[in-house]
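Subject: Structure handover and notes

Dear colleague,

Please find below the structure that I promised to pass on to you. My notes on what was found in it follow directly after.

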Amino acid sequence: MLPSQPLLLTGVLALVVLQALASDTFIAAVYEHAVILPEPTEEPVSPNDALALMNKNMDVLEGAIKEAAQQGAHIIVTPEDGIYGWQFTRESIYPYLEDIPDPEVNWIPCTDPSRFGPAPVQERLSCMARNNSIYVVANIGDKKLCNSSDPGCPSDGRYQYNTDVVFDPEGKLVARYHKYNLFMVEVQFNYPKEPEAVTFETPFGKFGIFTCFDILFYEPAVVLVSKMQVDTVLFPTAWMNVLPFLTAVEFHSAWAMGMHVNFLAANTHRTSLAMTGSGIYAPDGARTYSYNMKTEDGRLLVAELDAHPRLSPASPSAVNWSSYALNVERFSPNDHDFTGIIFHDQFTFTELTKPGGNLTVCQKDLCCHLSYKMARKRDDEVYVLGAFDGLHVVEGQYYLQICTLLKCKSTDRDTCGQPVEMAQTEFEMFSLSGTFGTNYVFPEVLYSGVQLAPGEFEVLNDGRLISKTKPTKPVVTVTLFGRWYEKD
């Protein structure tokens with residue numbers, strides 16, 4: 001029997017809608033900027049001198065924005081500190097700040113620059129967006145007056161915030177975010193009284209935004225994805241790379257995969273501070289990225305993304321991160337476990353002494369399981385399987401559960417956990433899993449030369465991170481980086 005005409009039309013329309021959603025894409029851009037810095041001073045410079053410095057940086061950013069627009073980009077993200085740099089005191093940064101209103105005021109600074117007082121930086125950013133018909137994301141400083149009736153008001157009578165702004169293709173201010181998790185050296189800024197979950201709608205999905213150190217905490221990072229259901233996260237950052245796990249490109253790519261969102265990360269570029277690493281990441285891996293510790297050049301990256309990644313056929317399915325590890329028998333017992341330090345945290349290690357096999361290493365409630373086969377066991381390279389289950393307390397306090405296969409810096413086991421960028425050992429296969437107590441686990445594979453491995457590994461539904469290529473490229477680290485927010 002043939003279906004009735006109304007049912008047939010309904011089915012066809014539904015199919016058309018689904019196909020439209022599945023093919024809905026946009027072009028994203030990020031710019032890694034070699035920031036022009038002011039001369040370090042504890043005394044405030046004049047407003048004119050501050051603006052002159054910021055205009056030098058905005059000249060560079062404007063060139064990148066024009067180029068991105070010419071390549072068809074719908075949105076571009078620029079870095080944290082990208083307009084005035086860093087190394088400020090609370091007093092010396094003041095001339096660089098502007099009063100940034102709530103986006104609800106419906107303001108286009110390019111056409112009405114003096115509506116809220118002097119705002120030359122917002123005016124210029126707004127005009128960049130308007131003149132190039134592109135969303136522009138930038139990081140600047142906000143100032144808000146307060147008085148003695150506010151018990152939290154600083155003694156100088158003002159709040160100062162590390163702030164992200166977003167201007168739409170008409171130049172309208174559509175988002176303002178005050179960084180909630182300040183890094184320990186950001187003494188020039190105040191903490192907002194409450195965390196902000198900032199989102200805005202576009203023709204190509206729902207966007208959220210936060211800044212740098214925020215990524216390691218539940219608010220606002222997880223809230224935006226899990227509760228606000230954003231499709232894409234915008235991420236201005238000034239990220240100082242810390243091998244083996246907190247290198248910008250590997251951690252940001254892993255976060256996008258673990259959270260199942262698009263992630264646009266724009267880093268500042270200064271090799272003397274190990275600042276580099278920007279990328280455009282999707283839930284199934286990096287679309288494009290750059291890590292450059294050799295030159296001081298800026299870099300524009302442009303790539304196409306699915307506007308609604310959760311609806312994409314390529315979107316990873318849900319993972320039970322402890323399913324396999326909790327049900328497998330513990331692999332061969334270790335008689336030679338030892339400890340080592342990675343970024344101030346004490347790991348438990350066991351060495352991969354054979355060309356292949358199965359290993360388990362445990363710390364507290366976390367047991368990490370590894371099955372592996374090396375393409376060739378080298379005598380000049382040592383690899384270990386490591387586990388860490390505890391509270392990290394150095395530049396902030398956050399609870400971690402980490403399983404990692406990593407190359408040691410030398411054949412001396414005391415170097416295991418020290419930063420390593422180069423390796424020569426290839427693997428025929430690896431499979432890494434752990435008994436995680438959290439569902440927030442971020443999978444990382446880093447090859448020699450700080451290269452990512454998009455499409456060359458996958459995470460199975462039972463929580464195993466497995467290799468897909470035979471052999472792999474030389475491996476620096478394979479990691480499941482767990483954040484147990486509830487235990488912080």
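**Annotated active site**

An unreviewed UniProt entry places the feature "active site" at E80, K179 and C212. Although these positions are spread over 133 residues of sequence, they cluster in space, with a largest C-alpha distance of 10.4 Å. UniProt positions are given in the numbering used here, feature names are shortened, and such annotations may be inferred rather than shown by experiment. Please keep in mind that this is a predicted model, in which local features need pLDDT of at least 70 and side-chain atom pairs count only at pLDDT 80 or more, while totals for chains, interfaces and linings use all residues. Residues are numbered from 1 along each chain as its sequence is written, and side-chain values use heavy atoms, with hydrogens and water left out.

E80 is placed in the loop between β2 and α3, where helices (H or I, at least four residues) and strands (E, at least two) are DSSP runs numbered from the N terminus. With a relative accessible area of 2%, E80 is buried; buried means under 20% relative accessible area, exposed over 50%, and partly exposed in between, with a 1.4 Å probe and protein chains only. Not counting residues up to four places away in sequence, E80 touches N139, N162, K179, E186, T211, C212, P236, T237, A238, A266 and T268, a contact being heavy atoms within 4.5 Å.

C212 lies in the loop between β7 (205–209) and α4 (218–227), and at 9% relative accessibility C212 counts as buried. Leaving out residues up to four places away in sequence, C212 touches E80, K179, F235, P236, T237, A238 and W239.

**Domain and overall form**

The UniProt annotation "domain: CN hydrolase", again from an unreviewed entry, covers residues 31–307. Over residues 31–307 the chain is 21% helix and 26% strand, and the end C-alpha atoms are 20 Å apart.

The protein as a whole has six helices and 23 strands. With 488 residues, a compact globule would have a radius of gyration near 23 Å, and the protein, at 24 Å, agrees with this; the radius is taken over C-alpha atoms, and the globule rule is 2.2 Å times the number of residues to the power 0.38. Taken along the principal axes, the C-alpha atoms fill a box of roughly 80 × 70 × 45 Å. Of the 488 residues, 57% count as buried, and among contacts with a separation of 6 or more, residues 24 or more positions apart account for 71%.

**Salt bridges**

Side chains of opposite charge can pair when their charged atoms come close. The structure holds 15 salt bridges, each being a side-chain nitrogen of Lys or Arg within 4 Å of a carboxyl oxygen of Asp or Glu.

In one of them D156 pairs with R90, the closest N and O atoms being 2.6 Å apart. This pair links distant parts of the chain, with D156 in the loop between β3 (135–145) and β4 (158–167) and R90 in the loop between β2 (75–77) and α3 (120–132), 66 residues apart. D156 counts as partly exposed at 30% relative accessibility, whereas R90, at 14%, counts as buried.

The side chains of K193 and D150 also meet in a salt bridge (3.0 Å, N to O), and they too link distant parts of the chain, K193 being in the loop between β5 (173–178) and β6 (198–202) and D150 in the loop between β3 and β4, 43 residues apart. K193 is exposed, with a relative accessible area of 54%, while D150 counts as buried at 16% relative accessibility. Elsewhere, salt bridges that share partners join D59, E62 and R124 into one network.

A further salt bridge joins the side chains of K144 and D142 (2.7 Å, N to O). Here K144 is partly exposed, with a relative accessible area of 22%, and D142 is buried, with a relative accessible area of 0%.

**A buried histidine**

H369 has its place in strand β16 (residues 366–374), and at 3% relative accessibility H369 counts as buried. The side chain of H369 makes a polar contact with the side chain of T360 (2.8 Å); a polar contact is a pair of N or O atoms within 3.5 Å, where within protein one must be able to donate a hydrogen and the other to accept it, and residues adjacent in sequence count only if both atoms are side-chain atoms. The backbone oxygen of A325 lies 3.2 Å from a polar atom of the H369 side chain.

With best wishes
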